[in-house]
Amino acid sequence: MTSREAINDLCQSEKIKSGLIWATQALEAVSGLPPARRAPVLDVIQGLIGSVANEASIARRVGAEGWLAVERRIDRALVMIRSGVPQEATYHLARALSAATDRGQRAMRWLRDRELL
């Protein structure tokens, strides 16, 4: 890993984690809505999750293959939402969050070991 890759991983990790947390909380809140009001809210949430998936894709293309696991989990979450079971998406978002956290921690450790952080 280079310092540039570590910095990119750390930055992308923070951005992706915040989006995943927001999306997960929004999905949990949508379960309390009447069925007629869920569809437009789920459309907005899908847009957010799509943006987070794009960030994971950028992170992978810029440097590290480890982001592929994050992308796959996010894609599975989107499939769950589109399939009409948005409550199942939170599991995959949590797994994506865990993978993004791991990437960020590795990058932080690498930077700290070289006294760059």
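The structure is a predicted model, in which local features need pLDDT of at least 70, side-chain atom pairs count only at pLDDT 80 or more, and totals for chains, interfaces and linings use all residues. Residues are numbered from 1 along each chain as its sequence is written, and side-chain values use heavy atoms, with hydrogens and water left out.

The protein has four helices and zero strands. Here helices (H or I, at least four residues) and strands (E, at least two) are DSSP runs, numbered from the N terminus. Read from the N terminus, the order of elements is α-α-α-α. Along the principal axes, the C-alpha atoms fill a box of roughly 55 × 20 × 20 Å. The accessible surface is about 6800 Å², and 52% of it belongs to carbon and sulfur atoms. Such areas come from the Shrake-Rupley method with a 1.4 Å probe; for residues, only the protein chains shown count as cover. Of the 117 residues, 38% are buried. Buried means under 20% relative accessible area, exposed means over 50%, and partly exposed lies in between (1.4 Å probe, protein chains only). Contact means heavy atoms within 4.5 Å. Among contacts with a separation of 6 or more, 65% join residues 24 or more positions apart.

Helix packing comes next. Two packed helices are described by the angle between their axes and the distance between the axes. Axes are lines fitted to C-alpha atoms, for helices over the stretch in contact, and angles run from 0 to 180 degrees between N-to-C directions. Angles under 35 degrees count as roughly parallel, over 145 as roughly antiparallel, 65 to 115 as roughly perpendicular and the rest as oblique.

Helix α1 (residues 3-30) packs with helix α3 (residues 67-82) at about 20°, and their axes are 13 Å apart. The two helices are therefore roughly parallel. Their crossing is left-handed. A crossing has this hand if the near helix is turned anticlockwise from the far one by less than a right angle; it is right-handed if clockwise. On the α1 side, D9, Q12, S13, I16, L20 and L27 take part, and they meet W67, V70, I74 and I81 in α3. By class, this contact has seven nonpolar, two polar and one charged residues. Ala, Val, Leu, Ile, Met, Phe, Trp, Tyr, Cys and Pro count as nonpolar, Asp, Glu, Lys and Arg as charged, and the others, Gly among them, as polar.

Helix α2 (residues 35-62) also packs with α3, at an angle of about 165° and with the axes 9 Å apart. This makes α2 roughly antiparallel to α3. The crossing of α2 and α3 is left-handed. Residues of α2 in this contact include L42, Q46, I49 and V52, and those of α3 include L68, E71 and L78. The contact of α2 with α3 has twelve nonpolar, two polar and three charged residues.

The axes of α3 and α4 come within 8 Å and cross at roughly 170°. Helix α3 is therefore roughly antiparallel to α4. Here R73, A77 and M80 are among the α3 residues, while Y91, L93, A96 and A99 are among those of α4. The contact of α3 with α4 has 13 nonpolar, one polar and five charged residues.

I16 lies in helix α1. I16 counts as buried because its relative accessibility is 0%. Leaving aside neighbours within four places in sequence, I16 is in contact with V52, E55, A56, W67, V70 and A100. I16 and A59 are 43 residues apart in sequence, yet their C-alpha atoms are 9.7 Å apart in space.

A99 is in helix α4. A99 is buried, with a relative accessible area of 18%.

G47 is found in helix α2. G47 is partly exposed, at 40% relative accessible area. G47 and A64 are 17 residues apart along the chain, and their C-alpha atoms are separated by 24 Å.

E115 is found in the segment after α4 (86-113). E115 is exposed, with a relative accessible area of 72%. Phi of E115 is near 55°, a positive value in a residue other than glycine.
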